[in-house]
Amino acid sequence: MIPHSRPTLDAQDEAAMLSVIRSGHIAQGKEVTCLEDELARFIGVKHAVAVSSGTAALHLGLLALGIGSGDEVIIPTFVCTALLNAIRYVGGTPVLADIGEADFNIDPQDVKRKCSAKTRAIIVPHMFGLPADIDHLVSIGVPMIEDCAHALGSTYRGRKVGSFGRLAIFSFYATKMVTTGEGGMVATDDDLLAARVRNLRDYDEKPDDRVRFNYKLTDIQAALGRSQLGKIDSFIHRRREIAARYTGYLSSLCASVPHVPEGRTHVYFRYCISCRDVEASLTFTARMGITCRRPVFRPLHHYVGQRDNPVADKIWRDTLSIPIYPTLRENEVSRICSALDRLHRNGWI
Ligand SMILES: *Cc1c(COP(=O)(O)O)cnc(C)c1O
């Protein structure tokens, strides 16, 4: 069975973790500091603060911005529930916006419509590795948190995503662009915001008894993260190579392919295709030994019962995510292309 997703781990990753274990210092320490410095340099921001997950990064990012009870935070409906949870942790009110049909990213026009006097932030995930319409979103004038969980390494007008928002968050979950098993990061140019996140992520030896968290990353995880981050360019290169195979094949079938707008680069965290019968295609490809998925389990407005978001509903109904990751072998890519051919003959793509 070809899995939908798989981490990319090698002997160098093992050796990096082993050397931390042998050193006897395994909790947050100098490996974490080095990973923070390396990520900050990679993105091109002043500060990066490591935490235990992308969700923890969102939580502390919202607290650092002073968001709490009664404050509205706009997020796209077509994303995982981590965003909804983080807003609820701080007592905020999530307001859902629809997405664009061409890039699956939050729709700036709909964000404008959903702004109110209580809007305090927008969280902007760069979905599936393609940057959102950042200029347009920034021009709205509401503080932006970039969610780069899918998009480590992608660029917008020549600059890495994660350097445009007041804050940016990253996830190092097992199947993200780079992994520490579980882990995350907050990146920012703002000294005060960085200091607040740093202060909140751990509880020990503080001058007061404010509520704080234990959201630390370990040095074992950070060593893995450093080893992984060192390979990000080759990971992206391989993802783009596979994407080019799929795009070439789909184009030869006259099927639709992902569109990359001018001025943005895609890192292909996911490769999504338009599909007339997702349920049938999931069953059909599973029988061929290939695990495909819906790229988002369920739009958030299905959970919270907010007004319909027609584009997200259509994309959810009609979009299939096919395997793409650096360890996908050439023969597996060929098998997936054969499956695409069969889906095409069935009239589904
Ligand atoms: C994975 C993910 C998160 C949450 O990260 P965790 O490390 O799993 O907590 C947040 N936003 C997006 C877009 C994600 O894909």
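Axes are lines fitted to C-alpha atoms, for helices over the stretch in contact, and the angles run from 0 to 180 degrees between N-to-C directions. The structure is a predicted model, in which local features need pLDDT of at least 70 and side-chain atom pairs count only at pLDDT 80 or more, while totals for chains, interfaces and linings use all residues. Residues are numbered from 1 along each chain as its sequence is written, and side-chain values use heavy atoms, with hydrogens and water left out.

Seven strands make up an open sheet with mixed pairing, in the order β1-β9-β8-β5-β4-β2-β3; helices (H or I, at least four residues) and strands (E, at least two) are DSSP runs numbered from the N terminus, and two strands pair if DSSP finds at least two bridges between them. The edges are taken by β1 (47–51) and β3 (93–97), each of which has a single partner strand, so one side of each lacks a neighbour in the sheet. From one strand to the next, the twist averages 25 degrees. Within the sheet, β8 (residues 167–171) and β9 (residues 184–188) pair in the antiparallel sense over four bridges, and F170 has M185 in β9 as its bridge partner.

Helix α3 (residues 54–64) lies across β1, β2 (72–76), β4 (119–125), β5 (144–147), β8 and β9, and runs at about 165 degrees to β8. Helix α7 (residues 191–200) also packs on the sheet, where it touches β1, β8 and β9, with a direction that makes about 15 degrees with that of β1. Contact means heavy atoms within 4.5 Å.

Next come the helix pairs. The axes of α3 and α7 come within 9 Å and cross at roughly 125 degrees, and the two helices are therefore oblique to each other. On the α3 side the contact is made by L60, L63 and A64, and on the α7 side by L193, R196, V197 and L200. These residues divide into six nonpolar, no polar and one charged, where Ala, Val, Leu, Ile, Met, Phe, Trp, Tyr, Cys and Pro count as nonpolar, Asp, Glu, Lys and Arg as charged, and the others, Gly among them, as polar.

Helix α3 also packs with helix α4 (residues 82–89), at an angle of about 40 degrees and with the axes 9 Å apart. That makes α3 oblique to α4. Here T55, L58, H59 and L62 of α3 meet A82, L83, A86, I87 and Y89 of α4, a set of seven nonpolar, two polar and no charged residues.

The contact joins R238, I242, R245, Y246, Y249 and L250 in α9 to E330, V333, S334, I336, C337, L340 and D341 in α13, and its residues divide into eight nonpolar, one polar and four charged.

Finally, a search of the whole structure finds 24 salt bridges, each a side-chain nitrogen of Lys or Arg within 4 Å of a carboxyl oxygen of Asp or Glu.

Methods:
Angles under 35 degrees count as roughly parallel, over 145 as roughly antiparallel, 65 to 115 as roughly perpendicular and the rest as oblique.
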